[in-house]
Each structure stands twice: as structure tokens, then as C-alpha cells.
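I have opened my notebook and will write down what I look up, one stop at a time. Follow along in the viewer if you like.

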Amino acid sequence: MDTAPGSHPSRRRLLSLAAVAGAATALGSLPAFTASAAPRRPTTAPGPTTGPHHELWWRAPADEHSMIRQGLPLGNGRLGALAGNDPGRELLLITDATLWTGGLNGTLDSDGQFPYSRDDFGSFTLLARLTVDIPDHDLSAVNDYRRALDLTQGLVTTTYRRSGTAYRRSMFASGPDDAIVLHFDQSGGGSYSGTVTLDGTHGENVKGLSFGGALPGGLRYGAAVKAYGSGGKVSVDGPRITFTDCRSLTVVVSGGTNYRPDAATHYRDPSLDPERLARTKAADAAAHSAATLLRTHVADYRALFAQQNLSLGTSSAEQRALDTWERLQARARDDAPDPELEAAYLQFGRYLMISGSRGSLPLNLQGLWLDGNDPDWMGDYHTDINLQMNYWMADRAGLPGCFDALTDYCLAQLPSWTDLTHRLFNDPRNRYRNSTGKIAGWTVAISTNVHGGMGWWWHPAGNAWLCNSLWEHYEYTRSRAHLAKIYPMLKGACEFWEARLLTTTLPDTGEEVLVADSDWSPEHGPLDAKGITYAQELVWALFGNYLAATKELGKDKAYAETIDSLRERLYLPRVSDRTGWLEEWMSPDNLGETTHRHLSPLVGLFPGDRIRPDDSTPKAVVDGATALLTARGTESFGWANAWRALCWARLKNADKAYRLVVNNLRPSTDGSNGTAPNLFDIYEVEKGRGIFQIDANFGTPAAMIEMLVHSRPGHLELLPALPDAWATSGSVTGVGVRGGFVVDLSWRDGTPTEVRIHSVGGRTTTVAHRSTSRQVTVAPGASVTLRGFGR
């Protein structure tokens with residue numbers, strides 16, 4: 001173990017293990033932790049895009065007791081870690097997206113709702129702690145300390161000097177090698193001596209530099225570490241690796257579970273030994289030099305990150321001289337735009353998406369990052385805004401492949417969701433049951449886990465919102481393969497609502513309309529309201545999307561006619577003559593909190609398209625939506641501010657949209673809402689206690705892109721809500737556009753100077769800026785460039 005490796009002898013073992021593990025599932029997906037064929041290793045890494053907004057940096061390491069606020073995130077889409085970057089004690093808190101306690105949770109409490117605790121519903125948990133102790137590199141013994149996150153390469157680095165020697169530490173989470181890699185190097189004759197320790201977080205007995213275990217729900221897991229150095233000596237000392245006088249050191253860790261996204265196997269792969277596979281993967285990666293591992297990682301990561309570049313203007317030399325935390329504080333203190341910091345925040349969101357959503361489960365409330373085994377709300381999937389918000393950014397930000405994790409999750413859970421719906425939804429204790437007595441299709445609860453289970457309360461309209469999100473991805477990509485996969489979900493959700501809708505007569509007109517049965521406007525107001533705006537808007541969109549899907553795929557013409565008839569009779573919300581707001585309930589009165597965090601009655605404005613600030617929507621409805629949005633205010637949690645910003649962007653109000661983005665960039669102190677030193681969004685659950693919740697880290701960048709480019713099929717609008725802070729000059733490339741296009745855009749003095757439209761399946765669209773519009777036709781795979789919007 002004391003020499004750097006050269007050849008790669010373990011590939012055959014890895015591939016034979018894949019055959020034993022049984023990689024294919026009934027849905028055609030890979031298990032979350034599986035062996036894979038060797039990637040083609042590039043001889044050189046692609047050149048990184050350079051720029052001041054592509055690096056985040058800090059003057060001090062993370063406090064080990066505040067890792068969720070200060071640790072730097074790594075991830076390959078399945079494995080994640082928070083890194084502390086202390087010179088004398090490197091700490092990584094490692095996760096696997098599939099390491100969940102709990103199980104199906106397929107019974108109801110006495111109120112007809114699902115139990116919701118760590119014992120039954122389960123929780124997202126840590127996989128391992130990796131510690132590299134280098135005692136003589138204590139922080140007090142070094143100077144010129146700096147740590148950084150290079151967004152262009154997905155690379156965390158730590159540099160410092162000790163006794164005249166420059167030391168450099170690099171770490172990354174490799175997708176192709178499915179491992180986390182740490183490399184310690186120096187220049188000037190220095191060396192490293194210390195220990196590497198891998199610990200479990202569930203009471204495991206670590207032996208031979210690996211461990212394995214099983215959770216009460218039957219999920220098995222494991223992790224392993226390998227190390228090698230140049231010069232000096234590296235050896236195994238009981239449960240630790242000891243290294244002495246090494247000029248360089250490379251540490252490789254891998255791990256995972258036997259989770260399998262297949263309801264037919266109860267979401268387990270009994271043939272897979274996670275500890276054995278972890279050892280194989282760690283050894284496989286450790287058979288390469290650190291330079292080769294880095295080149296492979298960067299090529300893989302850059303293929304995604306380079307899809308979108310962004311410039312919002314130039315920051316001052318004084319702003320650039322500050323580290324990231326200092327810049328956040330200065331931005332809030334001086335209320336002066338820092339366009340490069342703002343662009344970096346958007347790119348950080350893209351980094352988190354690439355790092356947290358590839359080839360495994362989708363991003364939950366915590367994304368892929370934890371500092372313990374007790375995340376609030378169990379780190380679950382909340383289906384009444386948070387899960388959907390996590391993916392608003394993906395297509396817009398040039399990362400459509402990262403959306404696939406959400407699609408695959410929904411498809412894998414659908415058999416279980418359908419079974420639970422049929423068995424339990426019409427339980428007489430469930431206040432939200434169908435009073436028609438009918439049941440069909442599927443729906444979900446507000447919370448879902450990875451085992452096919454649900455938690456907290458039933459969420460009837462959650463099926464429509466998930467389907468609408470999956471449909472919107474089709475609008476961006478025009479992928480018929482995706483549409484064919486999700487079609488059963490759309491149809492099943494329509495069948496559920498066909499069984500659920502009630503006929504009622506409007507007292508003022510005598511018109512018979514269809515309304516949703518008793519429900520709760522998330523998480524707001526009376527528990528037994530019929531015809532809530534949230535459900536009416538989502539179902540109206542669901543039915544329209546389903547009709548478009550049947551036409552595109554040439555399927556189910558007769559049933560499409562049934563759904564079309566139901567859609568024609570759906571009640572659509574009115575504007576209250578008492579408040580002037582778009583009604584949240586079928587009542588002119590406000591039955592809840594004026595500034596409530598949720599914007600449930602505005603789903604028709606965003607993410608929906610029914611309410612538009614143009615001639616297609618009655619002015620009274622637009623005014624009512626605007627009045628309600630105004631009443632909600634601009635001070636809330638990060639995710640709520642992001643949703644507000646997106647709504648204001650849809651209304652073309654640049655000032656208010658930008659103010660909400662800036663509000664989310666305010667530094668979080670003493671647990672307050674805002675941005676932590678490591679740029680994670682902090683949610684103040686109670687005074688003085690803030691937690692990390694990742695949705696705003698995606699929702700806020702989505703709002704920023706929506707301010708630059710708005711689209712719906714057949715319509716593309718340039719700079720609809722461009723704030724003064726970004727107006728002087730800027731550019732953005734790789735913006736996904738609904739209708740099947742990708743757009744590159746540059747502007748000066750608030751006016752587009754050039755726009756390039758590339759078709760990924762779309763053919764025609766209208767391109768508009770203010771009062772100017774042009775009809776554009778582009779063949780699939782071709783591009784067209786437009787200029788002269790200022791004339």
C-alpha cells in the first residue's frame with residue numbers, strides 16, 4: 001500500500017460482481033449502489049471555464065460542531081459528503097441517498113392518516129464518518145490558510161503553509177469511479193504523518209477498514225476505505241490506516257446499500273452485499289493515481305456544468321477581495337449589488353444539482369447532505385411544494401438529465417402508491433376520503449419515503465402536481481420516451497380525480513360545476529374545504545396535460561373525451577369582492593393567515609400557465625392574483641421567498657423579484673432565515689434554531705433564470721423581469737425553453753443584443769421582448785440567431 005498504483009487489475013472482479021448483483025430492474029433502472037463498466041479515461045481534462053464567480057472561498061475551516069452551516073458539500077449524485085477542511089483533522093460526513101430507516105408504513109392511525117415518525121415512516125440518515133488526523137498540522141501551526149470550492153471542476157481544495165512548505169489538499173466525489181477521493185500533496189520537502197479512520201453512525205463494528213450492517217427495516221449497507229502514498233509508509237493498524245512521512249497521500253472511500261427501486265422486490269436487492277461491493281469499489285478506484293481519478297471526475301462533471309454559463313455584470317475589486325461569507329455580509333450590510341456573487345449563487349445551485357441528483361434517488365428536503373441522523377421532517381419528500389421546487393431549476397439550468405432521478409423515483413413508487421390508495425384512501429376515518437365512495441388511480445400523502453410508503457396527512461392533489469412536474473420536463477425535452485414512461489402516471493391521476501370530483505351548483509348563477517372534495521389548502525386554513533383553488537388549478541392543468549399526452553402518443557381517445565368533458569366543467573377560482581384577492585377557498589373571505597408561507601392559490605400563476613399578465617387572462621384575475629401575492633409579503637422562509645420571486649417574475653415585476661432573491665442571500669445568523677457561510681439555505685423553525693433545507697438553493701436560481709428567460713410552449717420572452725442591478729450587460733447560455741429549445745442570450749442596457757435558439761425537438765416559437773416579437777422556425781438539431789431587438 002505504500003506505492004502509487006499504475007495498472008487496474010480489479011475491473012473483472014467488479015464486473016462479475018455486477019452480474020451477481022443483478023443490475024437491471026423491472027423499470028429498467030440501475031440499483032442505487034451497483035457495479036458499472038469502466039469509464040473511458042480521458043488523457044486530459046477539459047479546460048475549466050474561468051471567472052471570478054466560479055470559485056467560492058473561505059479564510060477558515062468549518063467548525064466540526066457546525067458542519068451543516070460551514071462544511072463544503074461533495075457529491076456524485078448518490079454518495080455525498082460534507083467536508084470540514086481542518087488542516088490537522090479532516091472530517092467528512094458521508095451519506096448515501098438510499099440509506100433510509102423505516103419501511104412501507106402501510107397502516108393508518110386512528111384519524112385515518114399515516115403515522116409519521118422515525119420508527120415507522122423512517123428517516124434519511126448518515127452512512128459514515130471519515131477522519132484524517134494529521135496532528136502536527138494543527139490549525140494553530142499553519143498560516144496562509146484558504147479553502148475553496150471550484151464550481152467549474154466540482155473540486156474542494158485546502159491550501160496553507162507550515163514551516164515554509166506549501167500544502168494542498170483536494171477532494172471530489174467521482175461519478176465514474178463511484179467514490180469520494182481525498183488527495184494530500186505538498187511542495188518543498190514536507191510530509192504527512194497521521195491516521196485515517198472510518199466510522200459508522202449506527203453502532204457498527206469496523207473491521208479491516210470496512211463495515212456493514214442492516215437497519216431494522218431490512219435495508220443492508222456498507223462502506224470501505226483505501227489509502228496509498230508516495231514516500232514514507234502506509235499500513236493498516238487495526239481499524240485505522242496509519243501513514244508516516246508521506247510526500248503525498250490519497251484516500252478513497254465508497255459505500256452504499258442494497259436498495260433497489262422496485263416495488264416487486266420490496267425495494268431491496270437480497271443478492272447484493274453492500275460491504276463487499278464497497279470494498280471492491282474502493283480498491284478499484286485506488287488502483288489509479290490521484291491525477292487519473294481527478295481527470296476522469298472533471299471530464300464527467302464538466303460535461304454537465306459547462307452546459308450553462310452566466311454573467312450578470314462585474315463586481316468591484318473591493319467585493320472580489322472578500323471571501324464568500326464576508327461578501328454575503330457586505331451585500332446585506334451595504335445593500336449594494338454584487339453581480340458576480342449573485343451569479344455564483346446560481347452556479348452553486350447547479351453544482352448541488354449535479355452533485356445530488358444523478359443515477360439514484362431524487363433530492364429530498366436535505367438534498368444529499370446531513371450532519372446527523374435526525375433531520376427535521378426526517379429529510380423526507382414533501383409533495384406540497386418542496387420536492388417540486390427542487391426540480392424547477394434542472395431544465396432551466398441546462399441540466400435536464402438531473403431531472404431523471406425524480407421521474408425514476410415516481411415510477412418506482414407508483415405501484416406502492418396505487419396499492420395504498422386503493423386500500424386506505426377511502427378509510428372512513430380519513431377526513432379527505434372520496435365522499436362519492438369511488439376509488440381509482442393513485443395519490444400520495446404530503447410526505448413520502450423511499451420504501452413505497454407515505455407519512456403525515458393524505459394529499460389528494462399531490463398526484464396532479466407531481467404529474468404536472470413530469471409533464472413540464474417533457475415540454476422542455478420533447479422526449480417521447482419520457483412521455484411514454486410517465487403516461488400511466490398521468491392516466492392514473494386522472495382516474496383518481498374522475499372518482500373524486502363532486503358536482504355542485506353555484507348559488508349566484510345556477511351553473512353546475514365540478515369541485516374537489518374536502519381538502520386542506522396546504523398547509524393552511526380549514527381542513528374540510530371543498531373546491532380549494534390549489535386543487536382546482538392543479539387538476540385543470542393535469543387534465544390539459546393528459547389530453548395533450550393522448551394526442552401526442554395516439555392513445556386512449558375515448559378516455560380523453562371523458563377527461564375533456566370533466567375539464568370543461570371544472571370550477572375555476574374567482575376574485576373576492578371583499579378582499580380583492582384571488583380566492584384561496586370557494587369563499588370571499590380569507591380563512592387563514594394573510595402572510596402565510598405557502599402560495600397554494602397561486603399555482604395557476606407559477607408553476608402553472610393559466611394566469612398570465614396578457615390578454616389571454618381577464619385583467620381582474622391577474623389583478624386578484626397580484627393583490628394576493630402582494631398581501632403575502634416579501635419576508636418568509638427561503639423556499640417561500642423563492643416561490644414569491646418566481647411569481648413576481650411571471651408578473652414581470654423585476655424589482656420585487658430581485659428583492660426576494662436578495663432577501664434569500666442575507667446571511668443567516670443565530671439560526672435566522674437566510675444563507676449560511678457555505679451558501680446552504682437556513683430555515684428558522686423556531687427562534688434561535690435554524691436548519692438546512694435545500695429547496696431554496698434550487699428555487700432561488702430558478703427565479704433568477706425566469707427573470708432572464710420566460711417560456712411556455714410556443715412562446716419565449718427575453719428579459720421579462722431584468723432588474724437594474726443586472727441590466728448594464730450580461731449573458732446566459734444553455735437555458736432550457738419549454739417547447740423543445742435551448743437559448744443563449746446576451747444583453748446590454750436592458751436590451752437583448754443577440755439570442756441564439758437551438759432546437760432539441762421544437763420547431764416553431766414566438767420570441768418576444770417588450771412590444772417586439774418574431775415568429776421563429778427551427779429544424780430539430782439546428783439553430784437560429786436573432787439580433788436587433790433594440791431597434
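**Entry 1: His183.** I began with His183, which sits in strand β9 (residues 179-187). I looked up how elements are named: helices (H or I, at least four residues) and strands (E, at least two) are DSSP runs, numbered from the N terminus. I also noted that this is a predicted model, in which local features need pLDDT of at least 70 and side-chain atom pairs count only at pLDDT 80 or more, while totals for chains, interfaces and linings use all residues. Residues are numbered from 1 along each chain as its sequence is written, and side-chain values use heavy atoms, with hydrogens and water left out.

Is His183 buried or exposed? His183 counts as buried because its relative accessibility is 18%; buried means under 20% relative accessible area, exposed over 50%, and partly exposed in between (1.4 Å probe, protein chains only).

Next I looked for polar partners. The side chains of His183 and Thr250 are joined by a polar contact of 2.8 Å. A polar atom of the His183 side chain also lies 3.4 Å from the backbone oxygen of Leu249. For a polar contact I need a pair of N or O atoms within 3.5 Å; within protein, one must be able to donate a hydrogen and the other to accept it, and residues adjacent in sequence count only if both atoms are side-chain atoms.

Leaving aside neighbours within four places in sequence, I found His183 in contact (heavy atoms within 4.5 Å) with Arg168, Arg169, Ser170, Ser248, Leu249, Thr250 and Ala290.

**Entry 2: Strand β10.** I moved on to Tyr192, in strand β10 (residues 192-200). Tyr192 counts as buried, at 1% relative accessibility. A polar atom of the Tyr192 side chain lies 2.6 Å from the backbone oxygen of Asp185. Tyr192 and Arg247 are 55 residues apart along the chain, yet their C-alpha atoms are separated by 6.4 Å.

Leu198 is found in strand β10 too, and counts as buried at 2% relative accessibility. Leaving aside neighbours within four places in sequence, Leu198 has contacts that include Ala128, Leu130, Val206, Phe211 and Val253. From Leu198 to Arg168 I noted 30 residues in sequence and 22 Å in space, C-alpha to C-alpha.

**Entry 3: Cysteines.** How many disulfides are there? I got a count of 0 disulfides, a disulfide being a pair of cysteine sulfur atoms within 2.5 Å. I reminded myself that a disulfide is a covalent bond between the sulfur atoms of two cysteines. Cys467 is buried, with a relative accessible area of 1%, and Cys494 counts as buried at 0%.

**Entry 4: The largest pocket.** I found about 740 Å³ of space in the largest pocket. Of the 38 residues that line the largest pocket, the closest to its centre are Trp471, Glu475, Asn545, Asp609 and Arg738. Two or more lining residues come from each of α9 (392-396), α11 (462-477) and α13 (533-553). Which element gives the most to this lining? It is α13, with 10 residues.

My note on the rule: on a 1 Å grid over the protein atoms alone, a cavity is a set of points where a 1.4 Å probe fits but cannot get out, and a pocket is an open set with protein on both sides within 12 Å along at least five of seven lines; lining residues have an atom within 4 Å of a point. Grid points are joined across faces, edges and corners, and a volume is the space filled by probe spheres set on the points.

**Entry 5: Cavities.** I counted 6 cavities of 30 Å³ or more. The largest cavity holds about 80 Å³ of space.

Entry 6: Most residues other than glycine have a negative phi, and most peptide bonds are trans. I found a cis peptide bond between Phe606 and Pro607, with omega about 10°. Trp377 is not a glycine but has a positive phi of about 55°.
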